[in-house]
Amino acid sequence: MGTKIKICGITRPKEVTMLIENQVDFAGMVMFYPKSKRNNSIENAKILLKKLSISSIQTVAVTVSPTIEQVMEIQALGFDYIQIHNILSKEVLKEIRLPILKAFHISDLGDYENYQSCSKVFGYVFDSAIPGSGETFDWSILDHIPRDRKLFILAGGLNKDNVEKAVRQLRPDIIDVCTGVEGENGKDALKIKELVNKVNQ
Ligand SMILES: O=C(O)c1ccccc1N[C@@H]1O[C@H](COP(=O)(O)O)[C@@H](O)[C@H]1O
């Protein structure tokens, strides 16, 4: 199986069209994080999820230290996965039904070990220091991460110019791109196409 593609930070229906046209595998939407320029309201998420539901694209709610109430809202919206940056509380872990993609950053990379035996965590997202910043990091620090049955997702500053090297070096299950496929007005159709071509060639 080849490397799958996750495009994150979707906020507009026309961006959903770009993902469908390029047969991307996952669409990420930032939820309950107003500090991000890519944050979605519940109403907007409903519109995007409806448009995505006619495709085979899997949907990911991207969150930062979500409360249990926020997790319940995300589940009710019908997302396929939840991506959790920073704190995954005991309460959330106990109650959650959605498969979790747990994000780790350079500062807490080693924490993935705490989730190796957790059946609710389906994958690890390895990201740079600041999520959604478009900054990359030294991938060699991931060389010794064991390949267990979790999805290995590489994020952080990926774009059409470095994604081939990333795939060759780390063989991630999924590459996760946000800033690298954006222009001045959100997602850029040409940048998405070029990235997808590089990954699939
Ligand atoms: O994109 C954001 O604003 C964001 C906010 C809060 C948590 C995560 C966020 N983005 C995630 O960052 C990575 C990679 O981003 P980039 O390609 O380096 O810009 C990706 O997982 C996004 O979901």
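Modeller: Axes are lines fitted to C-alpha atoms, for helices over the stretch in contact, and angles run from 0 to 180 degrees between N-to-C directions. Two packed helices are described by the angle between their axes and the distance between the axes. In this predicted model, the axes of helix H5 (residues 163-170) and helix H6 (residues 189-200) come within 9 Å of each other and cross at roughly 30°.

Biologist: Are H5 and H6 roughly parallel or roughly antiparallel to each other?

Modeller: Angles under 35 degrees count as roughly parallel, and H5 and H6 are therefore roughly parallel to each other. Their crossing is right-handed.

Biologist: Which residues make the contact?

Modeller: H5 contributes Val163, Glu164 and Val167, while H6 contributes Leu195, Lys198 and Val199. By class, four residues of this contact are nonpolar, none is polar and two are charged.

Biologist: Which residues come nearest to the ligand?

Modeller: Of the 25 residues around the ligand, the nearest are Cys8, Ser36, Pro131, Gly132 and Thr179. Strands S2 (26-31), S4 (58-64) and S9 (174-177) each supply at least two residues of the shell. The shell comprises 11 nonpolar, 11 polar and three charged residues.

Biologist: What does the UniProt annotation cover?

Modeller: The unreviewed UniProt entry annotates residues 5-197 as "domain: N-(5'phosphoribosyl) anthranilate isomerase (PRAI)". Over residues 5-197, the chain is 27% helix and 24% strand, with the end C-alpha atoms 11 Å apart.

Definitions and conventions:
Residues numbered from 1 in each chain as written. Predicted model: local features only at pLDDT ≥ 70, side-chain atom pairs only at ≥ 80, totals over all residues. Near = placed C-beta within 6 Å. Helix = DSSP H or I, 4+ residues; strand = E, 2+ residues; numbered from the N terminus. Nonpolar A, V, L, I, M, F, W, Y, C, P; charged D, E, K, R; others polar. UniProt positions renumbered as here; feature names shortened; annotations may be inferred. Parallel < 35°, antiparallel > 145°, perpendicular 65-115°, else oblique. Left-handed = near helix turned anticlockwise from the far one by under 90°. Contact = placed C-beta atoms within 7 Å.
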